[in-house]
Amino acid sequence: MREVMAEFERPVLLFSGGKDSIVMLRLAEKAFAPARIPFPVMHVDTGHNFPEVLEYRDRRVASLGLNLVVASVQEAIDAGQVRELPDGTRNRIQTPVLLAAVEKYRFDALFGGARRDEEKARAKERMFSFRDEFGQWDPKNQRPELWSLYNGRHHPGESIRVFPLSNWTELDVWHYIAKENIPLPSIYYAHDREVVERNGMFYAVNEFIRLRDGETSEVRRVRYRTVGDASQTAAVLSEADTVEKVIDEVAATRITERGATRGDDKVSEAAMEDRKREGYF
């Protein structure tokens with residue numbers, strides 16, 4: 001993070017209120033202490049958020065005195081800049097909204113919390129991931145990073161995505177949360193919630209997910225391993241209501257959190273890579 005501040009003019013940290021971005025924010029605090037974090041944070045807001053996560057986001061940003069940039073998908077839809085998909089999901093249309101915000105604020109380095117164990121397309125990334133003037137990523141043309149030397153060279157209009165957690169695992173993240181005693185949104189821990197089962201996944205019944213003909217809901221003890229859109233992110237059955245219990249649970253699982261809970265990654269084998277090529281983080 002300090003190296004990015006030394007090489008780039010306008011960095012920004014992508015902050016959604018999810019656990020990885022929360023850990024990133026703590027790392028930024030420690031990297032620049034006792035000074036304040038010297039860059040803003042940005043949330044690409046689809047409008048399909050869990051309220052607990054939005055409340056946490058706003059409270060955390062306020063406590064650190066940070067500048068929060070919200071790139072709103074809903075505002076882009078209202079302005080006719082993007083068109084909502086027939087199925088009502090918004091992950092695909094996050095990308096043009098993100099790229100528009102990068103151009104508007106002239107961000108040249110974007111910190112993201114992606115990890116290589118999340119999804120196989122993530123494993124193709126480098127720590128410094130070059131994006132061209134159109135925000136696109138070419139997985140076959142990436143810069144080497146021998147001996148942890150990073151190449152941040154770019155021309156105006158181009159940018160670099162920076163992934164400090166690239167070599168971390170989900171278990172590493174939870175161990176760090178425990179070590180630093182970092183508070184998280186409550187949905188990361190086991191709680192009772194009304195859910196409906198679809199394709200072996202448990203989705204919360206809310207304003208974005210309604211019961212279909214023939215479906216019934218039930219209250220189950222669940223928690224969220226990852227936080228995305230409430231319209232596409234499923235919970236897992238769990239009794240883990242403390243950090244220690246979550247660590248034990250994650251250590252025993254053999255399915256990544258995205259594979260277990262993200263409906264948007266089940267569109268195709270290359271769903272994530274396709275989005276990343278277009279400019280997704």
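**View 1. Helix 2 beside helix 3.** In this predicted model, the axes of helix 2 and helix 3 (residues 51–64) come within 12 Å and cross at roughly 5°. Because angles under 35 degrees count as roughly parallel, helix 2 is described as roughly parallel to helix 3. Why give both an angle and a distance? Two packed helices are described by the angle between their axes and the distance between the axes.

View 2. Is Ser21 buried or exposed? Its relative accessible area is 7%, so Ser21 is buried. Follow the side chain of Ser21 to the backbone oxygen of Gly18, which it reaches at 3.0 Å. Setting aside neighbours within four places in sequence, Ser21 is also in contact with Leu13, Leu14, Phe15 and Ser16.

**View 3. The stacked rings of Tyr105 and Phe107.** A search of the whole structure turns up 9 aromatic pairs, and here is one of them. The ring centres of Tyr105 and Phe107 lie 5.5 Å apart, with the planes at 20°, so this pair is stacked. Now compare how each residue meets its surroundings. Tyr105 has 29% relative accessibility and counts as partly exposed, whereas Phe107, at 5%, counts as buried.

**View 4. The edge-to-face rings of Trp174 and Tyr189.** How are the rings of Trp174 and Tyr189 arranged, stacked or edge-to-face? Their centres are 5.9 Å apart and their planes sit at 70°, so the pair is edge-to-face. The two partners come from distant parts of the chain, 15 residues apart. Trp174 belongs to helix 6 (residues 170–180), and Tyr189 to the loop between helix 6 and strand 7 (191–198). Both Trp174 and Tyr189 are buried.

**View 5. The annotated span.** UniProt, in an unreviewed entry, lists residues 11–234 as "domain: Phosphoadenosine phosphosulphate reductase". The end C-alpha atoms of residues 11–234 lie 32 Å apart. This span is 25% helix and 19% strand.

Terms used
Residues numbered from 1 in each chain as written. Predicted model: local features only at pLDDT ≥ 70, side-chain atom pairs only at ≥ 80, totals over all residues. Heavy atoms only, no water. Buried < 20%, exposed > 50% of the residue type's maximum accessible area, 1.4 Å probe, protein only. Polar contact = N/O pair within 3.5 Å; in protein donor to acceptor, adjacent residues only side chain to side chain. Contact = heavy atoms within 4.5 Å. Phe/Tyr/Trp six-rings, centres within 6.5 Å; stacked < 30°, edge-to-face > 60°. Helix = DSSP H or I, 4+ residues; strand = E, 2+ residues; numbered from the N terminus. UniProt positions renumbered as here; feature names shortened; annotations may be inferred. Axes fitted to C-alpha atoms, helices over the stretch in contact; angles between N-to-C directions. Parallel < 35°, antiparallel > 145°, perpendicular 65-115°, else oblique.
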